[in-house]
Amino acid sequence: MKRQIFTADHEAFRETVRTFLAKEVLPHYEQWEKDGIVSREVWRAAGRQGLLGLAVDEEYGGGGNPDFRYSAVLAEEFTRAGAPGLAIGLHNDIIGPYLTSLATDEQKARWLPGFCSGETITAIAMTEPGAGSDLQGIRTGAEDRGDHWVLNGSKTFISNGILADLVIVVAKTTPEGGAHGLSLLVVERGMEGFERGRNLDKIGQKSQDTAELFFHDVRVPKENLLGELDGAFVHLMTNLAQERMAIAVAGIAAAEHLLELTTAYVKEREAFGRPLAKLQHIRFEIAEMATECAVTRAFLDRCIEDHANGALDHVHASMAKWWATELQKRVADRCLQLHGGYGYMMEYPVARAFTDGRIQTIYGGTTEIMKEIIGRSLLS
């Protein structure tokens, strides 16, 4: 079915993204996978190409266009290219809204130009060794010392953790913490007591640096409070819909791309003297995946359009996130199976897609959390 949500401008942007990937990303990606981290130069190249800060006002060097469909194009093309290691979506779609909607004019002038140029790489630090999706369990705390906060604690599984120059830290600013006692504090590279642990060794997305972060008596100026004091819980809930949509968009794009690759493969690969595509079981497998992708695509495109118009609620974003990512996981598994032994070889895109995509049902809120949100909205 022909998609109807994109204009000629969106498709022109898609070509820009593809050119950027071909020139600045794909020639270096294997080395980044070995290194466990991308180069800082590719971030600056993304800034020069206008891929960073799409929704940031032009006065700060951004694109000045909050239309989420441009972010969807970015997510789709990076997914199709098999290049999740350059976490532009995290930077633009997850961290960007905190800075554009919560920062003061002084903070915007201080942080957004570098955010858009690629000189300032960002991260958000919520997860702790003992607290994942449960924000009530956060133990990292900040003590008010008059003109500054003293921050202590640790975070883990932080994407961009090694490269990040600016980290939004979720911390307790009251002894009890919880829904009414958390704040967002911005920690910057070079602050005394801010240390990075190891670059974590993951099963997939090897080139996307993911780190442990440690805060030992870090002096955070009062000017680095982002948003309202003790208001982090509301701020986090406000921005989660877009985070989950970004993950969902990548999920359906990955499923569709894997289906394309596998359809081509079974047409060429022979077994028992004829192409795999001649076997009824193979045709049924392809038919089932194609139908599931088509149905999911229709729902996702509606969600993308609604979000671009400011009409998407958190329940439908949760539906999109859990369904699209679980579909991605199922399709990756079935497509690898149809590739046989070759599917287990990293030289085949399906193998890397299998490991790279496994995190999709976990970060941004697990599938189980998504179901809880949906069920609670229907039954409360």
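Me: Which residue in S7 does Val150 stand opposite?
Reply: Val150 stands opposite Arg219 in S7. This is a predicted model, where local features need pLDDT of at least 70, side-chain atom pairs count only at pLDDT 80 or more, and totals for chains, interfaces and linings use all residues. Residues are numbered from 1 along each chain as its sequence is written, and side-chain values use heavy atoms, with hydrogens and water left out.

Me: How many bridges between S3 and S7?
Reply: Nine, with S3 and S7 (residues 210–221) antiparallel. Strands are DSSP runs of E, at least two residues, and helices are runs of H or I, at least four, numbered from the N terminus. Two strands pair if DSSP finds at least two bridges between them.

Me: And which residue is the bridge partner of Glu143 in S3?
Reply: Val150. Strand S2 (residues 141–144) runs antiparallel to S3 (residues 148–159), joined by four bridges. Three residues lie between the strands of that hairpin, where Gly146 has a positive phi near 95°.

Me: Switching to Glu76. Buried or exposed?
Reply: Buried, at a relative accessible area of 3%; the cut-offs are under 20% for buried, over 50% for exposed and partly exposed in between, with a 1.4 Å probe and protein chains only. Glu76 sits in helix H4 (residues 68–80).

Me: What does Glu76 touch, leaving out residues up to four places away in sequence?
Reply: Arg3, Phe6, Arg14, Val249, Ala253 and Arg297, where contact means heavy atoms within 4.5 Å.
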